[in-house]
Amino acid sequence: MVAFRLNGEDVDLDVPNDSTLLYVLAFDANALGPKYGCGKSQCGSCTVLIDGDPVRSCDVTVSAAAGRQVTTLAGLREADGGPGPLQRAMIEEQAAQCGYCTAGAIMQAQALLDRNPNPTESEVRSGLNEILCRCGSHNRIVRAVLRAAEEI
Amino acid sequence: MNKMLSLSRRGFLKKTGCLTVAFSLPLSMSADLAFAEDALADAHGDLRSNPMLDAWIRINADGTVDLMIGKVELGQGIVTAFAQVAAEHLDVDIARLDILSGDTFYAPDQGTTAGSNSMPAAYGALRVVASEVRAVLLDLAADELGVPVDDLSVEDGTITGPNGAETTYWDLVEGETLHREATGQAPLKSPEDFRVIGQRVPRLDIPGMMNGETTFLQDLRPEGMVFGQVVRPPTYRARLANVETAAAEALPGVMAVIRNGSFLGVVAERQDQALNAANVLRQVAEWEVESNLPGNENMKEWLLSQEAIVSKKKDEPRSGGPEPAKWMEAEYYRPYHMHGSLGTSAAIATLGDDGVTTVQTHSQSVYATARAIAGMLGVEEDQVHLQHVQGSGCYGHNMADDAAADAALLAQAVPGRPVFMQYTREDEHRWEPYGSAMVLKTRAGLDEDGNVLDWEFDVYSTPHGMRPGGNPARLIPAQYLDPPFDEIGIPQQSGGPPNYNTARNAIADYAFPGHVVTDHYVPQIPLRVSSTRGLGAFANIFACESFMDELAHDAGVDPVEYRLRHMEDERARDCIMAAAERFGWDSFEGGRNRGRGFAFARYKNYAAMSAVALEVEVNPRNGRIRVIRAVTASDAGEIVNPDGLENQIEGGLIQMLSWTLKEEVRFDDTRVMSDDWASYPILTFNEVPPIENVLINRPGEPYLGAGETLVGQAGASVANAVFDAVGVRMRDLPLTPSRVQDALRG
Ligand code: FES
Ligand code: FES
C-alpha cells in the first residue's frame with residue numbers, strides 16, 4: 001500500500017512498494033503526462049514534481065512519493081480545468097512537434113519558475129538541459145518559458 | 001478541451017472500441033491541394049481501390065459527419081489538413097467531423113504516410129468524394145424542396161432554397177444514400193472560393209498535450225490491460241540455443257513466457273513484473289552468436305571494398321573544350337545515424353473472441369504492416385486489424401511496425417487481454433533501422449579561375465528504404481520464429497528519379513559544364529537500415545557543399561560568391577543571398593577561433609530549398625565546436641502557414657546539427673554498442689543555438705513541402721565554419737571534440 005497526494009487529491013494504492021513510480025503514476029493512478037523514454041534518468045520525459053522538486057519518475061520507486069505531494073500536468077491546470085500559465089504559454093508558442101518531451105519539459109520548467117520567477121534565457125536553457133527533445137522544439141520551449149515568466 | 005478529439009472519442013470508441021485521432025496540421029498541406037490540379041488525375045488510384053462514397057464519408061442523424069481516411073498523423077498536421085479538405089468541399093463546419101484515420105478495417109487504404117509528395121493525390125481523392133457527397137445531397141434537397149439544384153445554397157450542412165425553405169444533410173441521408181460509387185462527375189469548388197483551406201489553423205492536438213489529456217498511444221488504458229516485453233538476442237545473427245523458463249514463470253505476476261524458435265517474450269500483470277521477468281530470461285538464455293559485423297571504425301573501408309551495383313545517376317561529361325587547369329578531389333563519410341525517437345516504440349494488441357488480433361500502433365504504414373503481421377501469424381488478412389494512434393516523433397521508418405508485430409505475437413498467449421508493449425531504450429537503440437553509413441567521393445576539374453569545368457560525384461551506400469511493405473521478414477520478431485521469415489528482400493537497385501534514395505541530392509544543383517554522378521550501391525545490410533530523414537540527401541549535400549567550400553577557398557573566392565557563380569536558378573540565388581544578407585555575411589568579423597560557414601541545397605533537386613549560414617567557435621584546447629548562431633533562408637513556394645513551416649525547418653536544422661556534431665552508431669564485430677543516450681548523445685538545450693529563419697514567400701507558386709528541406713546543409717555549414725575558424729577541413733562525421741583535436745594536431 002502506498003498513499004500520497006496526486007495533484008491535490010489523496011490516492012491510496014495497493015501496489016508493491018518497489019514498483020517504479022512512473023508505472024504506478026501511469027498505469028495505477030492513470031496520470032497522463034509522464035512517459036517512458038529511457039528508464040535511466042537520461043531524457044526527462046518521465047519528469048514529475050515531488051513536493052515541488054523535479055524527479056525522474058522512471059528511476060525511483062513509488063516509496064519516494066509516499067506521504068508527499070506529486071504533481072503532473074493535470075496539477076498545473078487552472079481550477080476550471082483550463083491550461084495554467086505555463087501551459088498557455090506553451091500553446092501560444094506552439095512549442096511542440098511530436099510533443100513526447102513536452103510533459104517532462106513543462107514539469108522541469110515549472111520547478112525552475114517556482115524557484116526563479118525571472119530567469120534569463122541562459123538560465124532557462126541550463127535549467128532544461130537534462131530534458132531531451134528529438135524534434136528540435138528547444139527554442140520554442142525556451143520562448144514559452146520566458147513568456148510564462150513574464151505573465152506570471 | 002480539444003473539440004475534435006472529444007468528438008472522435010464519442011463517435012468511434014462506441015463503434016470500434018478504439019481511440020481515434022483527429023489533429024491539426026500545418027496548413028501548409030492544404031496548399032498542396034490548392035495548387036495541385038494534377039492531383040485529380042492521381043486521385044483515381046485511391047478512389048479505384050476505395051470507390052464507395054460511404055467508405056470515406058458518412059452523415060449521421062445527430063448532425064455529425066464521419067470522415068475516414070487512410071493517412072495518419074505523424075505530428076505534421078496531416079489529419080487536420082484532411083479535415084479542412086472535407087469541411088471545405090462538403091460545406092460543413094470542421095467541428096462536425098468525427099475522424100477515423102489509419103484504421104485497416106474502417107478507413108480506406110491510402111498506403112503509407114511518408115513524404116509530402118503523396119499528399120496532393122490523397123487530398124485529391126477526398127476532394128472528389130466530398131464534392132460528390134455534397135452533390136448527391138443537393139439533388140435530394142432539390143427534389144424535396146421542389147426547386148432546381150442551382151437555386152440551392154449550403155451553409156454548414158443546412159441547405160436553403162430561394163423561398164427560404166430549408167433542409168439539412170442529416171435529414172436527407174438515410175440508410176444507403178451514400179452507399180454508391182464515386183463517379184468523379186461532381187463539380188469541384190474552385191480555389192478562389194475556399195473558406196477553410198488556406199486558413200491559419202493552430203494545431204488542435206497541442207492543447208491536449210500541454211494539458212495532459214489523452215493524446216498518445218501511451219495514454220490508452222483499455223480495460224484489463226497487461227504488459228509484454230521481448231527478450232532480444234545479443235546481436236542480429238543469433239540463435240537461441242537454450243533457455244530455462246521456469247524461474248521467470250515463477251515470478252510474481254508473470255502470466256506467460258513465450259518461446260518460439262529464437263523469439264522470446266513475456267506477459268505479466270504489471271509493467272515492472274514484465275521488465276523484471278525479461279531481465280531474468282535475458283540472464284538465463286543461451287545464444288549462439290555470429291560475429292561478422294564490420295565495426296563502425298572500419299565502415300568506410302568496408303563500404304569502399306564491397307561488390308556494388310554501379311549506375312550512373314547523371315552522365316553528362318563535357319565533350320571537348322579546354323583541359324582543366326587542375327583537379328581537386330576529396331572523400332567524405334557519414335556514419336550510421338539513429339532516428340532516436342524520444343519515446344520508444346509501443347503497441348497494444350488484443351486477440352479477440354472472433355480470432356481477430358487488433359493492434360493500436362503508431363506505424364506509418366498500417367495497411368502494409370497489417371498484411372505483414374497476418375503473414376507472420378499465419379492467419380488471413382482480415383484477422384489482423386491495425387488502428388493508428390499517435391506516438392513519439394517519427395522521422396522515417398522507425399520501430400513502430402516491429403512493436404506492433406511483437407505485441408501481436410505476445411497477445412496470442414493471453415486471449416482477450418490487451419497487451420501493452422513498449423520497448424526499452426536499449427532495445428529501441430540497438431534494433432531500430434538506422435540511416436545508412438555512406439562514403440562520398442568528389443572530384444572536380446577547374447579552369448584558370450578556379451571555376452568548375454568537370455564535376456564527378458560518387459556515392460557508396462547500403463540500402464535506405466526497407467519498410468515492411470507486407471513482408472513479414474521485415475518485422476524483427478518474424479526473423480526469429482521457427483521457421484523464420486528470412487526473405488528480407490534487399491532491393492537490387494538503389495532508387496531512380498525523381499526522388500532517388502541513396503543518390504538523393506547526389507546531383508548538385510549547380511550548372512557545371514561537365515557533371516557525372518555515379519552510384520555504388522551495396523545491397524547488404526550489416527546493420528539494419530531503412531528510411532531515415534532525407535535518406536541519402538543528408539550525406540550527399542554534406543559532401544557537395546563541403547567540397548564547394550574547398551574549391552572556393554582554393555580559388556581564393558568568397559564561398560557565397562563562388563556558389564552564385566555556379567548557380568543559374570533565380571530562386572536558388574535569391575535564397576542564397578537572403579541567408580547571407582540576414583546573417584551579415586559580408587560584414588562578418590570572426591575573431592580568434594571563430595568562423596562562418598555556408599551551405600545551400602534544393603531537396604531532391606525539385607522540392608523546397610534552404611540555405612544556412614552559421615557561426616561557430618572552436619575551442620582548440622578541448623576540440624569542442626560551439627554553434628553560436630544560425631540563419632536559415634528557405635523557399636517552399638507560397639507560404640500558407642509560416643509558423644508551421646518555420647517549426648519544421650528549425651526542427652530539421654537542430655536535429656541535423658545533432659547528427660553533425662555528436663551522433664554515430666557504434667558497433668563492434670558482434671553488436672551495436674550505442675544503447676542509451678549516454679552512449680549515443682544528442683544535442684541538448686545548452687547546445688542549441690539561437691536560430692533566425694527567413695521565409696521567402698512565392699505567392700502563386702506550388703507549395704513544396706518542407707520537412708526535409710534542410711538536411712546536409714547543417715553538416716556542411718558547420719564543417720565549413722570550422723575551416724574558417726581554425727583552418728582544418730573536417731570530412732568525416734561526426735565532428736566530435738576528439739576528431740577536431742586530432743585534426744588540429746595535424
Ligand atoms: S524516462 Fe525517465 S529520464 Fe528518461
Ligand atoms: S517535440 Fe518531439 S521530442 Fe520534443
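This report describes a sheet and a domain interface in chain B of a predicted model.

Local features require pLDDT of at least 70 and side-chain atom pairs count only at pLDDT 80 or more, while totals for chains, interfaces and linings use all residues. Residues are numbered from 1 along each chain as its sequence is written.

Five strands of chain B form an open sheet with mixed pairing, in the order β12-β20-β19-β18-β13. Strands are DSSP runs (E, at least two residues), as are helices (H or I, at least four), numbered from the N terminus; two strands pair if DSSP finds at least two bridges between them. Strands β18 (residues 438–446) and β19 (residues 452–461) of chain B run antiparallel and are joined by nine bridges. B:Leu440 has B:Val459 in β19(B) as its bridge partner.

The domain assignment of chain B, with bounds from an automatic or database source, is as follows.

| Domain of chain B | Residues |
|---|---|
| domain 1 | 16–40 + 569–746 |
| domain 2 | 50–199 |
| domain 3 | 222–289 + 341–431 |

The C-alpha centres of domain 1 and domain 3 of chain B lie 36 Å apart. Between these two domains about 1200 Å² is buried, 58% of it from carbon and sulfur atoms; buried area is the accessible area (1.4 Å probe) that two parts lose on being put together, summed over both. On the domain 1 side, B:Val672, B:Asp675 and B:Trp677 lose the most area to domain 3 of chain B, together 35% of what that side buries.

Key:
Chains lettered and ligands numbered in written order. Heavy atoms only, no water.
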